[in-house]
Amino acid sequence: MTTTTIAPAVISGTQPSPLRIGPAKAVRHGLALAGRGIVKIGKSPAQLIDVILTPIVFLLMFVYLFGGAIAGGDVAGYLQTITPGIMVMTVFQASIGIGVSLNADASTGVFDRFRSMPIARSAPLVGAVLADLVRYVVCLAVLLTLATVMGYRVQTNPAAALAAIALLIAFGMSFSWISVYVGMLMKTPGSVQGLMTVLVIPLTFASNVFVPSQTMPGWLRVWSDINPVSLMSDALRGLLNGGEVAGPLFGSLVWMAGVVVVFFPLAMRAYRRNAA
Amino acid sequence: MSYAIQAEGLVKRYGNMVALDGVDLEVPVGKVIGVLGPNGAGKTTTVRILATLMRPDGGRATVGGYDVMKDPVRVRGLIGLTGQYASVDESLSGRENLVLLGRLLDMSKRNAKARAVELLERFELVDAADRPISTFSGGMRRRLDLAASLVGRPQVLYLDEPTTGLDPHARNEVWEVVRRLVADGTTVLLTTQYLEEADQLADRITVFDHGRVVAEGKPGELKRRVGGQTLQVRPTLASDLDEVGRILAELTGAAPARDLNTGLLTVPVADPMLVSALVRRLDGAGVAVDELGLRLPSLDEVFLALTGRPAEESKRNTQQNPIAERNVA
């Protein structure tokens, strides 16, 4: 280190307008911290146990245990219907883990260091959300491999399948901001886990993932039809099995945008308070 | 004189608890200021405010001329933070931590790697660079923390209790690093519970107690403010103790205290010139001495006089309840 000169403001006494971090820099900081998250997953792959086991358990359980009863014997057809739905459900469940890990992480000293650096305030949170890409990819790879072994086949084309996967990952990242918010709000990782589990059940089970909403009583059907998990499942069935895409896709995108618009600022505010 | 840090009337409350009750602080560029005080005195709260991690409820502060509340990003560009809170990521290696911080500070991948190597070499961590941090000793951990706070070449460095919990050897290592940084022109704000540490490193010391500044000055000034100097003499032969005691009493007009175990005679003096007179008298009497000197009161005595509590007691309380300041500050 050479001779240090302190900022010119000391000498001149002038105050320039406050420095802000531009969006391009914020993205770069977020990506650098996403890299940190991915390296961490690589060092302790045990963190992936939930995204490996959940798709296996759900697929086996629903196809072989309940499938016969629900689908009236047409297990092969039921597999074709619920695979896209289970993709949505498991990615959705994978997306809530983030609040728990961030809650633990944000109380460690390293977050104080990030806060004391000239980087975007959002970067540690954005980085964590982006690093979850690895979890989604692992989750979907396990699920699609097992489903294929069990007899599932994509009916459309590879481009549509890739679009489905990209859309689903974006869906997971959007909805993970709810979990980030709860993670910043709660005192302990345990309470984050508890609250998120309670929130997730009506979203995942009260949907058309396992049964058609036509079989539900009217009030539940109303919810199931506007449930983002249902909409996303329909969009994925369209993209993977063929059928209508535009309507459910539009509904899903509205949900994703809405959740980010509401929960990103809330999470940021909670994160700032958390610091003080 | 230009100041790296200026704070005026900082107030911070947690509910009914007042953590900071109007703290003023000034640190000239390139100097080391030691903030000394027991746990709960408000040292860490002050650092957190100056590091833009926390907003004060009252008062204002500038770092490098930039307001910590109005222009926090510029302040963050000037500072480095190390200590109890700002640490490193345990699940990454030392090298990965340093490279990540470099990347966050907008260095290219190549520059970030080069900077990491430079710091690892400087802090003698090259061999451990790729090992898990959990295998590090306390001293290595602290050196890595310091390295991490220096990636961006900060002009103002906050060291929040940098040697708490370190053994004397590791403490000396950290002190050496701090001295080198200061020699390079870095301004340092150091909080500590160790009087010796502040005395060793700081140009000026600010003493905190219960969220207030209770004393401020150069280490020597503080010592003088608290009490006079003492003259200490240790005759080579125990049989000379009486003779030396008589001479001391004659010169100072007070009976010296005698420590029979160490053979040390101690007497308060008002006039430091007495030392030369004493040497002549001892010479004349043919008495050989092993030790003869003027001593300023220790900072422990300073602390007792300024706060009404001995520093040792506060230190002991700290060790019994290490969580206390974390919740409070």
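**A buried serine and the contact around it**

Modeller: S93(B) counts as buried because its relative accessibility is 3%, and the cut-off for buried is under 20%. Keep in mind that this is a predicted model.

Start with the position. S93(B) sits in a loop of chain B, between β6 (79-83) and α3 (94-104). Its side chain comes to 3.5 Å from the backbone oxygen of A129(B). Leaving aside residues up to four places away in sequence, S93(B) touches A129(B), D130(B), R131(B) and I133(B) within chain B. The list also holds a residue of the other chain, K43(A). That contact leads to the interface.

Now the interface as a whole. Chain A brings 39 residues to the contact, and chain B brings 51. Together the chains bury about 3,700 Å². Carbon and sulfur atoms account for 58% of that area.

The rule finds six salt bridges across the interface of chain A and chain B. One of them pairs R28(A) with D106(B). The closest N and O atoms of R28(A) and D106(B) are 3.1 Å apart.

Which helices of chain A each supply at least two residues to the side that touches chain B? They are α1 (8-12), α2 (23-43) and α5 (109-115). Of the elements of chain A, α2(A) gives the most, with nine residues. By class, the side of chain A that touches chain B has 20 nonpolar residues, ten polar and nine charged.

Last, the annotated spans of chain A. An unreviewed UniProt entry lists residues 46-274 of chain A as "domain: ABC transmembrane type-2". In the model, that span is 81% helix and 0% strand. Its end C-alpha atoms lie 28 Å apart. UniProt, again in an unreviewed entry, places "transmembrane region" features at several spans of chain A, including 48-70, 82-104 and 125-147. Take two of these. Residues 48-70 of chain A are 96% helix and 0% strand, with end C-alpha atoms 31 Å apart. Residues 125-147 of chain A are also 96% helix and 0% strand. There the end C-alpha atoms are 33 Å apart.

Note on methods:
Residues are numbered from 1 along each chain as its sequence is written. Chains are lettered from A and ligands numbered from 1 in the order in which they are written. This is a predicted model: local features need pLDDT of at least 70, side-chain atom pairs count only at pLDDT 80 or more; totals for chains, interfaces and linings use all residues. Side-chain values use heavy atoms; hydrogens and water are left out. Contact means heavy atoms within 4.5 Å. Buried area is the accessible area (1.4 Å probe) that two parts lose on being put together, summed over both. A salt bridge is a side-chain nitrogen of Lys or Arg within 4 Å of a carboxyl oxygen of Asp or Glu. Helices (H or I, at least four residues) and strands (E, at least two) are DSSP runs, numbered from the N terminus. Ala, Val, Leu, Ile, Met, Phe, Trp, Tyr, Cys and Pro count as nonpolar, Asp, Glu, Lys and Arg as charged, and the others, Gly among them, as polar. UniProt positions are given in the numbering used here, feature names are shortened, and annotations may be inferred rather than shown by experiment. Buried means under 20% relative accessible area, exposed over 50%, partly exposed in between (1.4 Å probe, protein chains only). A polar contact is a pair of N or O atoms within 3.5 Å; within protein, one must be able to donate a hydrogen and the other to accept it, and residues adjacent in sequence count only if both atoms are side-chain atoms.
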